[in-house]
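Dear colleague,

Please find the structure below, handed over for your own work. A short account of the findings comes after it.

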Amino acid sequence: MKKKSALALLLTTVMVLGGCSVATKSNTVGNTAEPAASEAPATAPAGDGTPVNIDVLGMSSNESDLNIVRDQLTKNGFNVKLNIQPDYASFKAQEDAGNYDVSLSGWTTVTGNPDYAVRSLFITGGDYSRQSDPELDALINEAATQTPEEYTQTYKEFEQRLVFDEARIAPLYISLKSQAVNKEILKADSVRLSKSRALAWEDIDFTDTAKRTTEPLILSQAASTLTSLDPIKGNDGSINQLNTNMYVRLVNLTDDDKITSDASLSRNHTIADGNQDYYFILRDDINFAKIENKKAVDTGERVGGDDVVFSLDRAKNKDSVPDHRTYSLHEHINTVEVFTDLNALGSIKVAGGNGTVKEALEKGLDAPISELVADKKQADNAKGKYQVIKLTTTEPFPQVLNYLAHQSAGIVSKKQVESINTYDVATFDVNKDIPYGDQNTVTEGDQYNNTLYASGPYILSSKNDYEGIFLKNPAYQKGTDNEALIDQVNVRFIADADSTLSALRSGEIYVYYGVPETKYDVVEGDSKLQLKSIPSNAVSYLLFNTQNREVANSVDLRKAVLYSINQDEILAFYNGKKLKAVSTVSPLIDTGNVLTADPAKVKEFLAAYQASK
């Protein structure tokens, strides 16, 4: 959550509020079991016989992991000082001040593609990068231009450089992604569990379908303060699931991270020869919804090509809004346009095969393309009149499709956003300027003035400190399989894991998304609940300080820490409910690389470090 995903709040919320996907907390929230300090192995001096001091920074939610790391480092010749902060804000303040040698960090790749797993974290100048290594930069950029068949070797070389040659991180584990469902209230199979994308609400259904219009679906999340309901201004656990369900995108991810046009704004999409031009043929059955008197109504405004161009142009432009938190995800977008040359569409070849872009876009359509229109009001799919979007990247970059499936690429209303964001970005004043998506405009009270326009299946009507109320968009793919089934979704704000699990068991909520591994046995022991779990894209690791500390300058010292980490012991502590990792790419690609703890190497590297002092 994704660090990127600007700050983090648990698996869905453990992401750094800055990225859906940077997790700075692991899935161990709520775990009270931990290695006892009295059982820590005695320090084994290395090199000249003096234990090496090392400061380890983390949060109280990760205390079990921190204790395991402490014991492993102590056993291998370190004198460990734990700096455990109570929350993310305190942790980040310590990290920004440089008060650590290694910090317990993490990352969740919420787009399903390896470029997201490395670019923000490790490229020079990346959103969350503390690295400056031209060799890493070159490997990241090379892999970005390659297809999955080509980039496995490149990412293998990237891992070799990052982990084994330079020891920039020390990997701990991959987490599972899980959810618990009250199967007496909901059809359990209707609650999807996706590897990357957030929970899709429109598919969820009651066991008693008569409740669809009379009772709300009740979900939960930890964060009650929402970063922003403008999809480009947040990428964290407070809004990822919410914005995913409020704004439609050009494409989606399947539950196993494949790109699909299903339940998106596109009926089909294709890539032109050269992997630099991407085409999308748009649906004509989605209108924006708005809130009037706390009810969702159809604005009568179709979601169309002008909105797509506007949304993606602002997504790639870091100066389009103040505090833009997702622009780096879309930096490979060069141009976006409504494409109207039907003759050209029939002559452009598709990538990696025979046929034309027109033929690819027409597959499965009820009516073939007879006309391409610039004005969204003129589109009429039943008569063969369509809008087509052409997106061109700065270089061949097939992974752009994964970023277009991310919530930050949600389609907003050009007309509505421009009418709200009348301020000057350069002189934006948080004390007087109210941007589109400001959570205060939907919070009950004197400031309530809901100006949201939603292109997705639901729209947020109002919120307070207790819950947010979402209503079905009455003009979202009505009459299709993608129309939302349940009229209202209530998202309860419950801060901790124990309270969330208690609410699920008592029937106060119906789904617990992101169950900690330490609570699996409780869920499995409750006959009315069903537990689902799959390997996630969340990786926990130790991140080394890169300034003003000896670990910043000594690769020997970093390698001594690296080879002290015994992942087998970590997996045993979690009863096999964690998986081995090498880097943030590990959940996505099997590079063949493996990290094996090696006390002999630790002693060798510590001796080399001490000899160099």
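This is a predicted model: local features need pLDDT of at least 70, side-chain atom pairs count only at pLDDT 80 or more; totals for chains, interfaces and linings use all residues.

Residues are numbered from 1 along each chain as its sequence is written, and side-chain values use heavy atoms, with hydrogens and water left out.

The average pLDDT (the predictor's confidence in each residue, from 0 to 100) is 90 for the protein, and 92% of the residues score at least 70. Residues 1-44 fall below 50, yet this stretch has 232 contacts in the model beyond near neighbours in sequence; a contact means heavy atoms within 4.5 Å.

Helices and strands are DSSP runs numbered from the N terminus (helices H or I, at least four residues; strands E, at least two). Helix α5 comprises 18 residues, 148-165, and should span 26 Å at 1.5 Å a residue; its end C-alpha atoms are 24 Å apart, which agrees. The expected span is 1.5 Å times one less than the number of residues. Among the buried residues of α5 are Tyr 151, Phe 158 and Arg 161, where buried means under 20% relative accessible area (1.4 Å probe, protein chains only). Their cover includes α3, α4, β6 and α15. Just after α5, Ala 167 takes a positive phi of about 50°.

Asn 182 belongs to strand β6 and counts as buried at 3% relative accessibility. Leaving aside neighbours within four places in sequence, Asn 182 is in contact with Leu 504, Tyr 510, Lys 528 and Leu 529. Gln 416, in helix α11, is also buried, with a relative accessible area of 12%. Beyond residues up to four places away in sequence, Gln 416 touches Tyr 436, Thr 451 and Tyr 453.

The whole structure holds 15 aromatic pairs, that is, rings of Phe, Tyr and Trp (its six-membered ring) with centres within 6.5 Å; planes under 30 degrees apart count as stacked, over 60 as edge-to-face and the rest as tilted. The rings of Phe 122 and Phe 158 have centres 6.0 Å apart and planes at 50°, so this pair is tilted. Phe 122 lies in helix α3 and Phe 158 in helix α5, 36 residues apart. For Tyr 563 and Phe 605, the centres are 6.0 Å apart and the planes at 20°, so that pair is stacked.

Yours sincerely

Notes
Buried means under 20% relative accessible area, exposed over 50%, partly exposed in between (1.4 Å probe, protein chains only).
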